[in-house]
Amino acid sequence: MIGFTIVFTACKKTAIDVETIPPINNGAAVTTNLNNDLLLKLVNDKRIAGCNCGTTVMPPVAKLTWNNLLAAAALSHSKDMNANNYFDHTSKDGKNPGDRITAAGYKWTTYGENIAAGQPTEQSVFDAWINSEGHCKNIMNANFKEMGAAKDGKYWTQEFGRQ
């Protein structure tokens with residue numbers, strides 16, 4: 001089972017003094033219950049090669065970097081789905097991916113989320129996502145610069161973002 005894809009973008013133009021930009025907070029390490037390096041490698045190998053998402057040709061795009069804040073948001077959602085026995089992008093208390101990512105401390109301008117349930121390995125969940133047009137488009141979205149993911153029980157959540 002895999003969930004549909006949500007992508008949101010917010011645009012805000014402001015003048016920024018480059019010398020005063022604080023370093024990006026990548027957060028503390030998160031126990032994601034998966035092999036972070038392997039899942040990131042699978043995603044990045046596909047991104048730099050390009051692929052077809054359904055009938056849409058997706059050209060090669062830049063690699064993503066791992067972000068622990070996104071991983072924390074992913075873990076929170078996977079744990080919630082597992083504890084409350086549901087499968088959806090919107091939690092039982094009405095929280096959406098943007099709410100979870102914001103609560104984790106990630107200052108996003110755009111984000112996306114993939115969910116899945118029942119796949120036993122990183123390779124199998126990646127294959128399920130890459131073979132689903134909407135999920136594949138999230139993986140190949142050039143607007144995303146970072147990702148985090150986590151698993152709890154049978155539930156997988158993959159968060160994408162750009163700060």
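Analyst: A polar contact is a pair of N or O atoms within 3.5 Å; within protein, one must be able to donate a hydrogen and the other to accept it, and residues adjacent in sequence count only if both atoms are side-chain atoms. N67 makes such a cap at the N-terminal end of helix α2. A side-chain oxygen of N67 lies 2.8 Å from the backbone nitrogen of L69.

The model is predicted: local features need pLDDT of at least 70, side-chain atom pairs count only at pLDDT 80 or more, and totals for chains, interfaces and linings use all residues. Numbering runs from 1 along each chain as its sequence is written, and side-chain values use heavy atoms, without hydrogens or water.

Now the helix itself. α2 covers residues 68-84, 17 residues in total. Helices (H or I, at least four residues) and strands (E, at least two) are DSSP runs, numbered from the N terminus. From first C-alpha to last, α2 reaches 24 Å. That is close to the 24 Å expected at 1.5 Å a residue (1.5 Å times one less than the number of residues). Just after α2, N85 takes a positive phi of about 50°.

Which residues of α2 are buried? They are N68, L69, L70, A71, A73, A74, L75, H77, S78 and M81. Buried means under 20% relative accessible area, exposed over 50%, partly exposed in between (1.4 Å probe, protein chains only). These buried residues pack against β4 (65-66), α3 (97-103), β5, β6 and β7 (contact: heavy atoms within 4.5 Å).

Three of those partners are strands that pair through β7. Pairing needs at least two DSSP bridges. β7 spans residues 155-162, and seven of its eight residues are buried. β5 (residues 110-117) pairs with β7 in the antiparallel sense over eight bridges. β6 (residues 146-152) also runs antiparallel to β7, joined by seven bridges. E159 of β7 links the two pairings. E113 stands opposite E159, and G148 has E159 as its bridge partner. β6 and β7 form a hairpin with two residues between the strands. There, G153 takes a positive phi near 60°.

Next, a ring pair around Y111. The whole structure holds three aromatic pairs (Phe, Tyr or Trp rings, the six-membered ring for Trp, with centres within 6.5 Å; planes under 30 degrees apart are stacked, over 60 edge-to-face, the rest tilted). W108 and Y111 have ring centres 4.6 Å apart and planes at 80°, so they are edge-to-face. Y111 is buried, at 3% relative accessibility. W108 is partly exposed, at 25%.

Last, the charged pairs. Four salt bridges turn up across the whole structure (a Lys or Arg side-chain nitrogen within 4 Å of an Asp or Glu carboxyl oxygen). Among them is K41 to D45, at 2.6 Å, N to O. Both residues lie in helix α1 (residues 36-49), four residues apart, about one turn. K41 is partly exposed at 47%, and D45 is partly exposed at 35%. E133 and K137 meet at 3.3 Å, N to O. Being four residues apart in helix α5 (residues 133-139), E133 and K137 are about one helical turn apart. E133 is partly exposed at 34%, and K137 is partly exposed at 33%. K95 and D93 also form a salt bridge, at 3.8 Å, N to O. K95 is partly exposed at 39%, whereas D93 is exposed at 57%.
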